[in-house]
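Hi everyone, thanks for coming. Have a look at the sequence and the model on the screen, and I'll talk you through a few spots.

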Amino acid sequence: MLIVGLGALLIGALLPWLTDGWGTDRRVRGALVLGGVLVCGVALWPGVQSLGTVTPDAAVKMPGVPQAELSFNECLVKLKDGAAASSAGQPIADRPISDLDIGLVSGISTGRYHKMADDLVKLAGQHQLPLVNRQTLGSEDNVRRLVSTENAGVGFVQSDVLDWMRHSTGSNERRQAELLRLVLPLYPEEIHVLARRELGTLADLEGKRVLTPAGSQGSRYTAENLLRAAQVRPASQDGSQPLPEALCSVLLGRADAVVFVQGKPVDSLVKLEEFRHHAATPLNRVHLMPLDVSAKRVGYEVARLDASDYPWLSAPVKTLSVQAMLMAVDFSDQRTPYQKRRCRQIKQLAELVKAQLPTLRPPEYDSKWLAVDPRHPVRGWKSVECPA
C-alpha cells in the first residue's frame, strides 16, 4: 500500500514532464497527489500509533525515549517505617540504676538487640531478677561498658567483634576479651551487601562509595574487617544514613554498596519487592553480593539468603553470618558480696532463658527467639561459672 501511495505522488508531481505538457490539468494532478498522501497515511498509521505505547522494557532499549524515574523520596516512603526515622540518632540517656539492678547493655532503641533486651527484662521480671535495658551504640560500646566500672552486668555483642578483640595486636583489646564470659549464644546475623549489579565481589568495591547504616557499630566493624581482609580500599565509607536511606542511595546510584549485619529477613530489604514492577526497574540495577565462603574467617559462619527471605531474589545467594552473643564479665574468681551476687544472677538468667525458650514466641516476644539455640557451639569462649 505504501508503494502505491508513493507511486501516485510521483505521477502527480511528474505528470507534466512525462506527457511533454499534455494532460497537465491541475485537478488531475491534485487528485493524484491527494490520493497518494491518503494511501501513504493509511500505510504508515500503525507504526505512528505504536510510538505512543512503548513498553517499559522497550523504552530501556530505545535511546532518546523518556523513561520513568524513581525519586529518592518515593523510595524512602516505601522502605521506611515510623520507627526507622530516628535510628541515626545518639541513644537517649538512661536513668541511673542502683547496684541492686542488673544493667543490660543492648543497642539503639530501634534495633533488634534493644527489642530482645526488652524481652529479657520482661522475662527476668517474672522471676524476680531486676534486669534493666540500657541503650547503647552497639557491640563495641557494649564491650567498653561491660569492662568498665558502670553497672553493666550483661550485654549483646557480635562474634566477629569478640574474635577480633581476642586476637588483636593491641594489649588493651586482648585484656578486655580475657575479662568476658559467654552467658548464652543467641541467633545468627547474616551479612548483607546490596550493591550495584556490575559489582560482583568485594574486590570490585576498590575505589567505590560504601555505606553502613547509622547507629550500627557492628555493621561498620564487619564492613571494615571484610574489606581489610580482601585488601580493598573504597573511595569512601559513610555511616551517617539510616538503613532505608542507604538502600535507596544504592538503588538510585548515589552510592555503590551498603554493608549491614542483621538477622534475616530484614524488613527494609523485604520491602524492595514493592519495586519489582516499577516502571524504572530499579531492581535490575542492584543485587545481593555473594561473599566468598571459601575464605571463612574466625567469627563468621556460612549462610544463605533466598526467596523465602526476600521474595524479589531470583536465585539463592551465599553469604556469611556472625553470631549474636550475650556476654558478661567474669566474676568467678571475685569474692565481694556484690560480685558473688552478680555472678549468681547472671548464671540464673542464662538458665532461665534456656528453660523458658519454648515459651518465647511471637507476637508477645520478638520472632528471633525462634532462631536461638543455646547449644550452638561457640569456639574459644568459656561460659559463666560461679563459685559455690
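Let's start with Thr-281, which sits in the loop between H11 and strand E8 (286-288). Helices here are DSSP runs of H or I with at least four residues, strands are runs of E with at least two, and both are numbered from the N terminus. Thr-281 isn't a glycine, yet its phi is positive, about 45°. Is Thr-281 buried or exposed? Thr-281 is buried, with a relative accessible area of 18%. Buried means under 20% relative accessible area, exposed means over 50%, and partly exposed is in between, using a 1.4 Å probe and protein chains only.

Quick housekeeping: this is a predicted model, where local features need pLDDT of at least 70, side-chain atom pairs count only at pLDDT 80 or more, and totals for chains, interfaces and linings use all residues. Residues are numbered from 1 along each chain as its sequence is written, and side-chain values use heavy atoms, with hydrogens and water left out.

Now Gln-128, in the loop between helix H5 (112-125) and strand E2 (131-134). Gln-128 also has a positive phi, about 60°, without being a glycine, but Gln-128 is exposed, at 68% relative accessible area.

Next, the cis peptide bonds. One runs from Lys-264 to Pro-265, with omega near -10°, and Pro-265 lies in the loop between strand E7 (257-262) and helix H11 (267-270). Another joins Pro-362 and Pro-363, with omega about 5°; Pro-363 is in the segment after helix H12 (337-356).

Last, helix H6 (residues 139-146): six of its eight residues are buried, so the rest of the structure largely encloses it. Among those buried residues are Asp-141 and Arg-145.
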